[in-house]
Amino acid sequence: MNVSFSVWALTVAALCVLIAIDFAIGRKPHDVSIKEASIWSAIWVALAIAFGFGLLAFEGGQPAGEFFAGFITEKSLSVDNLFVFVLIMAKFAVPSQYQARVLMIGVLMALVMRAGFIAAGAAIISTFSWVFYIFGAFLIWTAWKLVQDARHEEHHEDYQENKLLKVVERRFGVADRYHGTKLFVQENGRRVMTPMMVVMLAIGSTDVLFALDSIPAIYGLTEDPYIVFTANAFALMGLRQLYFLIGGLLRRLVHLSYGLSIILGFIGVKLVLHALHESGVHVPEISVPVSLGVIVLVLAITTTTSLMATKKQDTGSTAP
């Protein structure tokens, strides 16, 4: 797609307006109800679908198919993020009425940082076509690691603060309790961070780590930076509401890691085939409709088998 600067500016401005509206509605600390989370989740999904159909109308089926494939992939990978978000909230004992604010700022930070990853990825791909081999191999390795973690039940057992977060805590200091929604307070004549600021940084920095596999994954579905950015934006901005909507369901998605590993492995193979094709090797390439179909099918099967497995466990545990 040949996207002009004005279209980029209009897209970013529209997203900023939507974010501002979302922030204004949830500015007052409160416990998010299932009804509120459902309404906003539906709004963000509807906006993503409308955007995809807009691409279909103005740019054709190829860009629209790439957007939907990228959006669904990023959305499914973001659900995996929610497992870690739950652990972060528990580790820092975030009061329930502040969790929405934490997620809002944390996800916003992640979106800004991901934009840098996307720009870097686009620059690298345009200069070095062989990077697809690296992306493909990395995704296949990530897929294998997800399976190994799932088999050994090591996935998401605990949250450990990353080194960057520890450095920031040592540099600025951390207050011993929450001070409402304040990010910094004065303690003993020194300006220190509150736990609220720390947990926001934890959410944002953790999502950047997840971007290390999600960004190469979506570049395996489309090479268009505009589609990569918008698919990530729509997937991330609905993440806060999804956290409250399916929080109780997360523990039931016991086969999610297997499904994600299949998707990442599939996209990794797709990237390698594309790299071989670009190198002049006559190999079949996987089309966008096939990619979209595989992603949707895998997620549908994974969700169904997960719910069936947990229902069977619940039935067995309640049996006399």
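Predicted model: local features only at pLDDT ≥ 70, side-chain atom pairs only at ≥ 80, totals over all residues.
Residues are numbered from 1 along each chain as its sequence is written, and side-chain values use heavy atoms, with hydrogens and water left out.

Threonine 142 is found in helix α5; helices (H or I, at least four residues) and strands (E, at least two) are DSSP runs, numbered from the N terminus. Threonine 142 counts as buried because its relative accessibility is 9%; buried means under 20% relative accessible area, exposed over 50%, and partly exposed in between (1.4 Å probe, protein chains only). Not counting residues up to four places away in sequence, threonine 142 touches Asp213 and Leu264, where contact means heavy atoms within 4.5 Å.

Arginine 151 also belongs to helix α5, which covers residues 131–151. With 58% relative accessibility, arginine 151 counts as exposed. From arginine 151 to glycine 238 the C-alpha to C-alpha distance is 30 Å, and the two are 87 residues apart in sequence.

## Serine 306 in helix α11

Serine 306 has its place in helix α11, residues 288–318. Its relative accessibility is 0%, so serine 306 counts as buried. A polar atom of the serine 306 side chain lies 2.7 Å from the backbone oxygen of threonine 302. Leaving out residues up to four places away in sequence, serine 306 touches Arg252, Leu253, Val254, His255 and Leu256.

Two packed helices are described by the angle between their axes and the distance between the axes. Here axes are lines fitted to C-alpha atoms, for helices over the stretch in contact, and angles run from 0 to 180 degrees between N-to-C directions. Angles under 35 degrees count as roughly parallel, over 145 as roughly antiparallel, 65 to 115 as roughly perpendicular and the rest as oblique.

Helix α1 (residues 5–25) packs with helix α8 (residues 225–237) at an angle of about 5 degrees, and their axes are 12 Å apart. The two helices are therefore roughly parallel. On the α1 side the residues are Val7, Trp8, Thr11, Val12, Leu15 and Ile19, which meet Pro225, Tyr226, Phe229, Thr230, Ala233 and Met237 in α8. By class, this contact has 10 nonpolar, two polar and no charged residues; Ala, Val, Leu, Ile, Met, Phe, Trp, Tyr, Cys and Pro count as nonpolar, Asp, Glu, Lys and Arg as charged, and the others, Gly among them, as polar.

Helix α2 (residues 34–59) and α3 have axes 7 Å apart and an angle of about 160 degrees, so α2 and α3 are roughly antiparallel to each other. The α2 residues in the contact include Phe51, Phe53 and Leu56, and those of α3 include Phe67, Phe68 and Phe71. The classes in the contact of α2 with α3 are 11 nonpolar, two polar and one charged.

## Helix packing: α3 with α4

The axes of helix α3 (residues 61–91) and helix α4 (residues 99–127) come within 13 Å and cross at roughly 130 degrees. The pair is therefore oblique. Glu74, Asn81, Phe85 and Met89 of α3 make the contact with Gln99, Val102, Leu103 and Arg114 of α4. By class, four residues of this contact are nonpolar, two polar and two charged.

## Loop residues

Most residues other than glycine have a negative phi, and most peptide bonds are trans. Alanine 93, in the loop between α3 and α4, has a positive phi near 50 degrees. Alanine 93 counts as exposed at 53% relative accessibility. Asparagine 188 has a positive phi near 55 degrees and lies in the loop between β1 (184–187) and β2 (190–193). Asparagine 188 is exposed, with a relative accessible area of 86%.

Aspartate 31 is found in the loop between α1 and α2. Its side chain reaches the backbone nitrogen of glutamine 97 at 3.2 Å. Apart from neighbours within four places in sequence, aspartate 31 is in contact with Ser96 and Gln97. Aspartate 31 and isoleucine 140 are 109 residues apart in sequence and 40 Å apart in space, C-alpha to C-alpha.

Definitions and conventions: Polar contact = N/O pair within 3.5 Å; in protein donor to acceptor, adjacent residues only side chain to side chain.
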